[in-house]
Amino acid sequence: MGALVRILSIDSPFGRALALIADVAIVSMCITLTALTVVPLGAGLAAGDAVLRQLVRDEGSRPWQTFWRLFRRSFSRATVGWIIWLVLVGLSCYELWLLNNAQSLGIVSGEAGAASFWRVGILSALIVLGMIASWFFPIVGQAAMQSTRESALQEHTYTFRVCVRLAVFAALRYTPISLAAVALWVTPVVLGVLYPTIGAGLVFFYIVFIPAFTLYLIVLMMDSRLARLPEES
């Protein structure tokens with residue numbers, strides 16, 4: 001019995017792992033709540049990333065309260081970036097859909113080679129947008145987290161333009177990490193589309209765990225580099 005108590009103790013490796021899983025699940029539920037009306041999801045991603053960074057560094061607790069505090073601080077910058085990103089991705093997907101359905105829609109699509117060139121260009125643009133977004137929301141979350149720790153003046157050093165510039169710089173500077181982050185986000189979606197049975201099972205995990213778990217893996221890759229970005233850019 002004593003051995004079991006030690007294993008389940010909050011100070012044991014097993015107990016810390018369970019506590020981390022519970023905290024990640026709470027963050028995931030918070031992100032899912034912000035996704036219900038779509039528009040606040042950008043701020044939800046920024047806040048979720050910041051909370052998970054605290055968990056990775058073993059600096060914080062109370063993820064529910066911390067998430068919503070950082071959500072409010074991130075909202076303006078993250079929402080503007082999120083809406084712009086959605087518009088650009090939506091237009092790119094629409095152009096891709098037109099190219100793929102040109103014949104059935106009666107649209108003259110030109111030569112097959114030109115259509116393939118445009119497809120590759122649009123897909124490349126979508127990947128680049130994903131790479132930039134993978135850094136933009138963590139940078140906004142970092143700004144919100146620093147402003148709570150230091151001073152409200154610190155927040156003004158991370159204007160929307162500065163966040164975008166840092167995100168573009170990081171996406172190019174750390175291309176392998178950026179591509180890995182995009183792959184982590186895209187893989188569950190692709191599995192859900194290609195294998196509907198798996199997709200149905202993923203719905204529950206998306207709500208409970210996948211958003212924050214994906215962010216957690218991305219935080220592990222980006223954490224040390226995020227802190228150096230202002231000096232490197």
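Modeller: Helices are DSSP runs of H or I with at least four residues, strands are runs of E with at least two, and both are numbered from the N terminus. The model is a predicted one, in which local features need pLDDT of at least 70 and side-chain atom pairs count only at pLDDT 80 or more, while totals for chains, interfaces and linings use all residues. Residues are numbered from 1 along each chain as its sequence is written, and side-chain values use heavy atoms, with hydrogens and water left out.

Colleague: Which helix gives the most to the lining of the largest pocket?

Modeller: Helix α5 does, with eight residues.

Colleague: What makes F67 buried?

Modeller: Buried means under 20% relative accessible area, exposed over 50%, and partly exposed in between (1.4 Å probe, protein chains only). F67 has a relative accessible area of 0%, so F67 is buried.

Colleague: Why is W68 called partly exposed?

Modeller: The relative accessibility of W68 is 21%, and therefore W68 counts as partly exposed.

Colleague: Why is the pair of F67 and W68 called edge-to-face?

Modeller: Rings of Phe, Tyr and Trp (its six-membered ring) pair if their centres lie within 6.5 Å; planes under 30 degrees apart count as stacked, over 60 as edge-to-face and the rest as tilted. By this rule there are twelve aromatic pairs. The ring centres of F67 and W68 are 4.9 Å apart and the planes stand at 85°, so this pair is edge-to-face. Ring pairs also link W64, F67, W68, F71 and F75 into a cluster.

Colleague: What makes the pair of F136 and F160 edge-to-face?

Modeller: The centres lie 5.8 Å apart and the planes are at 75°, so the pair of F136 and F160 is edge-to-face. This pair links distant parts of the chain, with F136 in helix α5 and F160 in helix α7, 24 residues apart.

Colleague: Is F136 buried or exposed?

Modeller: F136 counts as buried because its relative accessibility is 6%. F160, by contrast, has a relative accessible area of 27% and is therefore partly exposed.
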